[in-house]
Amino acid sequence: MTSNLLISLLLLVLILIRQLSARVVLHQTRTFLILIGIGCLLAYQGRSTIHWNLLLLSAIGFGDIFLPIFFGWLRAISSKIWFDSEKQLIFCKGTLITAGLWLAYIALRGMIGYLIKGSDNFMLISLGLSLLTQRELIWQRVSRFFPREISKNQAFQLEYDKKDK
């Protein structure tokens, strides 16, 4: 088992736990872009062990671009979104369908990684792209369904970012 696969599996467990808990909707993409960047770095470092061929390129296109975007979209529309009038913020939480979609995504991506040598080098890129897609689509849904209330989440995010620095 490669270190990339181990890191990816650990991240997926943490992500699944986090996705099934209620959280304030924020429009933060930096973490996912960093994850994609680390994935690119790891893929670049492993390039000498990769045997490039049409099957691998197809696996990257399907397993690391199409599948993450598709499952990110499905998870975004399966997540529950609501406005908490007491806290004056919009929250989201994954559902059992969201968890099932994660498991299906993990199984499909894992199968591709197992069957096609070298494709596991791109798993962090795939994971980051999937999470980025989900986050962006949830933000678009929230903006569409709660156009006035979204300003409270944006103000909350500014405060959150100040504490982060």
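Which residues in H3 meet which residues in H5? On the H3 side they are Gly63, Asp64, Ile65, Pro68, Ile69, Phe71, Gly72, Trp73, Arg75, Ala76 and Ile77, and on the H5 side Ser126, Leu129, Ser130, Leu131, Thr133, Gln134, Leu137, Ile138 and Arg141. Contact here means heavy atoms within 4.5 Å.

Before going further, a word on where this comes from. This is a predicted model, with local features needing pLDDT of at least 70 and side-chain atom pairs counted only at pLDDT 80 or more, while totals for chains, interfaces and linings use all residues. Residues are numbered from 1 along each chain as its sequence is written, and side-chain values use heavy atoms, with hydrogens and water left out.

**The H3 and H5 pair**

Back to those two helices. H3 covers residues 54–78 and H5 covers residues 123–145; they pack at an angle of about 35 degrees, and their axes are 7 Å apart. The axes are lines fitted to C-alpha atoms, for helices over the stretch in contact, and angles run from 0 to 180 degrees between N-to-C directions. As for handedness, the crossing of H3 and H5 is right-handed, meaning that the near helix is turned clockwise from the far one by less than a right angle. Sorted by type, the residues of this contact come out as 11 nonpolar, six polar and three charged. In that sorting, Ala, Val, Leu, Ile, Met, Phe, Trp, Tyr, Cys and Pro count as nonpolar, Asp, Glu, Lys and Arg as charged, and the others, Gly among them, as polar.

**The chain overall**

Zooming out, the chain has six helices and three strands, and along the sequence they follow the pattern α-β-α-α-β-β-α-α-α. These are DSSP runs numbered from the N terminus: helices (H or I) need at least four residues, strands (E) at least two. The radius of gyration is 17 Å, close to the 15 Å that the globule rule gives for 165 residues, so the chain is as compact as a globular protein of that length. That radius is taken over C-alpha atoms, and the globule rule is 2.2 Å times the number of residues to the power 0.38. Along the principal axes, the C-alpha atoms fill a box of roughly 55 × 35 × 25 Å.

Of the 165 residues, 44% are buried; that word means under 20% relative accessible area, with exposed over 50% and partly exposed in between (1.4 Å probe, protein chains only). Among contacts between residues at least 6 apart in sequence, 80% join residues at least 24 apart.

**A few residues up close**

Start with helix H1 (residues 3–19), where you'll find Arg18. Its C-alpha is 22 Å from that of Ser3, 15 residues away in sequence. Neighbours within four places aside, Arg18 is in contact with Arg23 and Arg135.

Ser21 sits in the loop between H1 and strand E1 (23–24). Apart from residues up to four places away in sequence, Ser21 touches Cys92 and Lys93. Disulfides (pairs of cysteine sulfur atoms within 2.5 Å) come to a count of zero.

Gln88 lies in the loop between strand E2 (80–84) and strand E3 (89–93). Although Gln88 is not a glycine, its phi is positive, at about 60 degrees.

Leaving aside neighbours within four places in sequence, Leu108 is in contact with Leu67 and Phe71. Phe71 is also one of the H3 residues that meet H5.

Here's how some of these residues come out for accessibility:

| Residue | Relative accessible area | Class |
|---|---|---|
| Gln88 | 33% | partly exposed |
| Ser21 | 32% | partly exposed |
| Leu108 | 32% | partly exposed |
| Leu103 | 51% | exposed |

Leu108 and Leu67 are 41 residues apart in sequence and 8.5 Å apart in space. For Leu103 and Leu12, 91 residues apart along the chain, the separation is 9.5 Å. Ser21 and Ala76 are 55 residues apart along the chain, with 14 Å between their C-alpha atoms.
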